[in-house]
Amino acid sequence: MQLKLTVPFNLDLSVSCGQSFRWRKINGFWYAPVGDSVWKVKQEGDTLFYEGASAADIIRYFGLDIPLDDILQDIDRDELIHSAVASCRGLRLHRQPPFECLISYICATCANIPGIQLRVENLAKTYGRELKSDGMTFYTFPNPEDLACESPENVRLCKVGYRDKYICGAAAYAAENPQWAADIFSMSYADAKRELTSLSGVGQKVADCVLLFAFEKYEAVPIDVWMERIFRTRYLGSEKKLSYEKAAGFAREHFGRYAGYAQEYLFAEREILAKKGE
């Protein structure tokens, strides 16, 4: 199947910039199990070639219905973000499945991307369903009910470490509240963050990642060591490490309602920006 792009989009950058963890590039195509099927996607110029999904699925997941030009114009408020926008044009935030996103970012605490990918894949292999595509094996992400009935000791065998009880707790929350995702979608950013951070193991950064990448709360600004350093050295000229609240609050004040989009563009250029700020 083919989809002609009429809006800016960079597939390679969007799936490799650290917002999701199950995409793999094989023989020029990106593969990932999304929902109950394996998606296979490749971009050539202004055309997407894809299998395993409908055009509507592709448009929604990759946010191709979002007015990216308007968002980028709105956040283009200084030289640093202007440069990042120019370098990374076409980077779009995904709309990830909420439960998978929640568990993935619980797995992401105190971890690098390869470690996160390993934990997420181990959970899928153990509790998901096997799928085949082009002779390769993939696994669906487990549903809340399957994880909720497992003991933390069994979940720990997926090499998730101390996160086992947090994963089980989040799964129980989702299983016992089937409308949880719809409820969070309907909440304000502040209320949605308060709801997520009430879960054990979900701190401010995990909540902001989930709200940004699964719930379209574009004012959510995840702050990691890279973003703290960029805001501290390149924007505020401070030597004292910024608190999470101060760094995220500055970003929302400076970039406005799409501060989360600005964060992702700056994150994509993090190594360059942080090095210049040393």
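## Salt bridges in a predicted model

The side chains of Arg129 and Asp36 meet in a salt bridge, with 3.7 Å from N to O, where a salt bridge is a side-chain nitrogen of Lys or Arg within 4 Å of a carboxyl oxygen of Asp or Glu. This pair links distant parts of the chain, since Arg129 sits in the loop between α6 (113-127) and β6 (130-133) while Asp36 sits in the loop between β3 (29-34) and β4 (37-44), 93 residues apart. Helices (H or I, at least four residues) and strands (E, at least two) are DSSP runs, numbered from the N terminus.

The structure is a predicted model, in which local features need pLDDT of at least 70 and side-chain atom pairs count only at pLDDT 80 or more, whereas totals for chains, interfaces and linings use all residues. Residues are numbered from 1 along each chain as its sequence is written, and side-chain values use heavy atoms, with hydrogens and water left out.

Asp36 counts as exposed because its relative accessible area is 61%, and Arg129 counts as partly exposed because its relative accessibility is 43%; the cut-offs are under 20% relative accessible area for buried, over 50% for exposed, and in between for partly exposed (1.4 Å probe, protein chains only).

Arg89 is partly exposed at 42% relative accessibility, and Asp69 is partly exposed with a relative accessible area of 38%.

Arg194 and Asp191 both belong to helix α11 (residues 189-196) and, because they are 3 residues apart there, they are separated by about one helical turn. Arg194 is exposed, with a relative accessible area of 54%, whereas Asp191 is partly exposed at 37%. Elsewhere, salt bridges that share partners join Arg60, Asp65, Arg95 and Glu216 into one network.

Asp57 lies in helix α2 (residues 55-61) and is partly exposed, at 37% relative accessibility. The C-alpha atoms of Asp57 and Val34 are separated by 9.9 Å, with the two residues 23 apart along the chain.
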